[in-house]
Amino acid sequence: MSELTPRKDLLDIASLSLEEIEYIFENAAPFKQLFQRSVKKVPTLRGKTVLNLFYEPSTRTSSSFEVAASRMSADVTNFTVSSSSVVKGESLLDTIETLQAMRSDYIVIRHKAAGVPGLVAKHTRASVVNAGDGYHAHPTQALLDSMTLREVYPDYEGRKVVIVGDILHSRVARSTATLFNKLGIEVGVLGPGSLVPEGRHDFMKRLDSWEDVFDWGPDAVYLLRVQLERQEGQFFPSIAEYHKMYGMHSERIERMRQLGAYLMHPGPVNRGVEITDEAMGYEKSLINTQVENGIAVRMAVLHWLKPETDKD
Amino acid sequence: MRLFKNGSIASEDSPEPKQGDVLVDENGIIQQVGETIKGVEGARTVDCNGCLLVPGMFDLNVHSREPGFEHKETLATCAEAAIHGGVTGLVLMPDTAPPVDSGNLVKSLQDLVSEVSPISIYVSGCLTKQRRGEELAGFSGMASQGAVMLTDADHEIPCPDLLRRCMEYAKDFDLLVTTHGDTPALTKVGAVNEGAVSYRLGLPGIPAISQEIALDRDMRVAQHTGARLHLQQISTANGVKSIASAKENGTNVTCEVSPYHLLLTEEDVEDYNTHFKLNPPLRRQSDCDALVQGLIDGTIDAIASNHAPHTEFEKSSDFASAPFGVSGLETTVLAIFDQFISRGVFGWDLFIRKYSADPRRIVKLEPVKIATGEKAQFFVFDPNATTTISRDYLKTKSPVSPFLGKTLKGEIRETVV
């Protein structure tokens, strides 16, 4: 494995070099092989502490980081702050001071406001991993998605992926699409006009309908989760209409099968909204692989980052 | 007595400043202006070689934060910052706590001002009680106490009918109605201009139409009622177009632009820098270009800093939660000189018209002149020096500025008031 100048934090995808991305993937693969063994633990982070700081509820990402850290023998503290208990205007800097005093080596943070992980990173010696900030970024999701796609398409360059759903509010869409683009994968987007903004990244090619999508011939279809709880403004008339226009059902699965296209979703799936029950059984679904690769990629990220606390 | 010698006098009437000496007496009255004034007995000579003497600026849009938010700024620090920035007159926004929505409050604020400020600070009053956009505030009381304009500051009057009544009633007192151009239903929780930058940063965007629709509406109502309307902080190219066409149609409207919207864009927000979080937000380069053009062709009447102090602590929060606004009184002259005058985009005459003379005319005051018999209100400006905008340099309580840490061309050596 090649060596690389270590970084303190992972805040987004945009700032990663191709070399760094390759390094993470190179490390993730052996970590994944470890999962097949009876003893799934390595001593890499023994004596280190990882703080899982979640300002937004998340079972999946939080657990994935927890499993990743434990498999590397780190001590993990989970700290979930229910957003209702955080009074608006409560000082983030004060919270950071507190964290600093806890002397964690790694802080995994999810926050509803874009840019918060970067703000925390500036004020702490710990390595900060962005586990999702507002609509901005979710870099480990992007890494696990790309790892998953590269496993099924070793010749991934020039492949096509269409991302379906809420392109406006999705940090997954932003990060995953950015990484796909960096890797030379073409990105199409499909969704209601109200959720596919004009200001989206230039490389996101707008497709107007499933017909359009199938004509384009994607190698994978990536369905975004519909944020049922996020209805501060109405962006489409009803869930039923969304499903009809953008959901995955048996007929569309049949077209997928003809194309040989894979199906991806960041989870958790709203059954009957993004995907019907029947479609969930599609043989080329990568959804479970995504979860497994999530742990491997997060281990690789923790392995790669170098906290400044190391200098103590 | 002080003799300002060997400088050049700038004015709104001439593109090139004219060589001249100025003698100011101990009462602050200009005794004499001449090409060369020989040594006057008892007068201290201030050597202004290579410098300009510029009429004191007038800022139409200042938040002094007193009463109510003295941790951000006080009238005293606000006046000090103004003088430091070459500004010798300004209009306070009424968004204090309590909001200035009655004659009594106008009076008591003016009393406070006269205790602490060596410069002319004028008071504006609210259009509606408590700035709530529900009922008319007491116009006659505020008018009789000398409020120079009525505005709910950055709160838009939600109901067009109420705005119409405000304008009709303001006309009875010949009061200027001032609005900030915002459509809250479109702005929502937006933090930056809606577009590629808001998408990249994952921040909620504020679309250009949020301001454009509001100022279109306000100008329509002004046209219908015949009231005098002033539009604050124009930020988009389409807004400039609308205003130009309303002016052609004879609408009694004036408008202002901030130095920030003239020379910064959404790209400057970069890595969530809250010192670039403004209301309205910084827009695109094409908007800046249209605003500069509008200033030059006369569509835009004034420059106003929208001095909106917040503490560094308040601004150190995440971008979406941080308050809108930055301080502006001390950097406007330097920034405009650095970016436009020193590069020949426009001259001192235009700048003085837009930031000194016309703003005073908008609120029916006489422009300040450097002329015999006038009260001395000018500053000494060295175009060959530079100024680094540091925390130490700033007199405002709020060292929050997009120019913090930057070095700008020019130096304000002294402001005479």
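The legends below accompany several close-up views of this predicted model. Local features need pLDDT of at least 70 and side-chain atom pairs count only at pLDDT 80 or more, whereas totals for chains, interfaces and linings use all residues. Residues are numbered from 1 along each chain as its sequence is written, and chains are lettered from A and ligands numbered from 1 in the order in which they are written.

**View 1. An open parallel sheet in chain B.** Here 5 strands line up in the order β9-β10-β13-β14-β15. Helices (H or I, at least four residues) and strands (E, at least two) are DSSP runs, numbered from the N terminus, and two strands pair if DSSP finds at least two bridges between them. β9 (149-151) and β15 (302-303) of chain B stand at the edges with a single partner strand each, so one side of each is left without a neighbour in the sheet. Look inside the sheet for β13 (residues 229-231) and β14 (residues 253-257) of chain B, which pair in the parallel sense over 3 bridges. B:Leu229 has B:Val253 in β14(B) as its bridge partner.

**View 2. The largest nonpolar core.** A nonpolar core is a set of buried Ala, Val, Leu, Ile, Met, Phe, Trp, Tyr and Cys residues joined through C-beta atoms within 7 Å. Buried means that 20 or more other C-beta atoms lie within 10 Å of a residue's own, exposed that 12 or fewer do, and partly exposed is in between; C-beta atoms are placed from the backbone. This core has 108 residues, and A:Ile107, A:Val108, A:Val162 and A:Ile163 have the most contacts inside it. Helix α11 (residues 287-304) of chain A gives the largest share, 7 residues. Apart from this core lies another, of 106 residues, with B:Leu75 and B:Leu127 among them.

**View 3. Around A:Ile163.** Leaving out residues up to four places away in sequence, A:Ile163 touches A:Ala173, A:Ala177, A:Val187, A:Val189, A:Tyr222 and A:Leu224. Contact here means C-beta atoms, placed from the backbone, within 7 Å.

**View 4. Two cis peptide bonds in chain B.** One joins B:Glu66 and B:Pro67, with omega about 5°; B:Pro67 lies in the loop between β6 (57-62) and α1 (75-84). Another runs from B:Ala97 to B:Pro98, with omega near 5°, and B:Pro98 lies in the loop between β7 (87-92) and α2 (103-116).

**View 5. Positive phi at B:Asp174.** B:Asp174 is not a glycine, yet its phi is about 50°. Find B:Asp174 in the loop between α4 (160-172) and β10 (176-179) of chain B. B:Asp174 counts as exposed because it has 10 C-beta neighbours inside 10 Å.

Notes: Contact = placed C-beta atoms within 7 Å.
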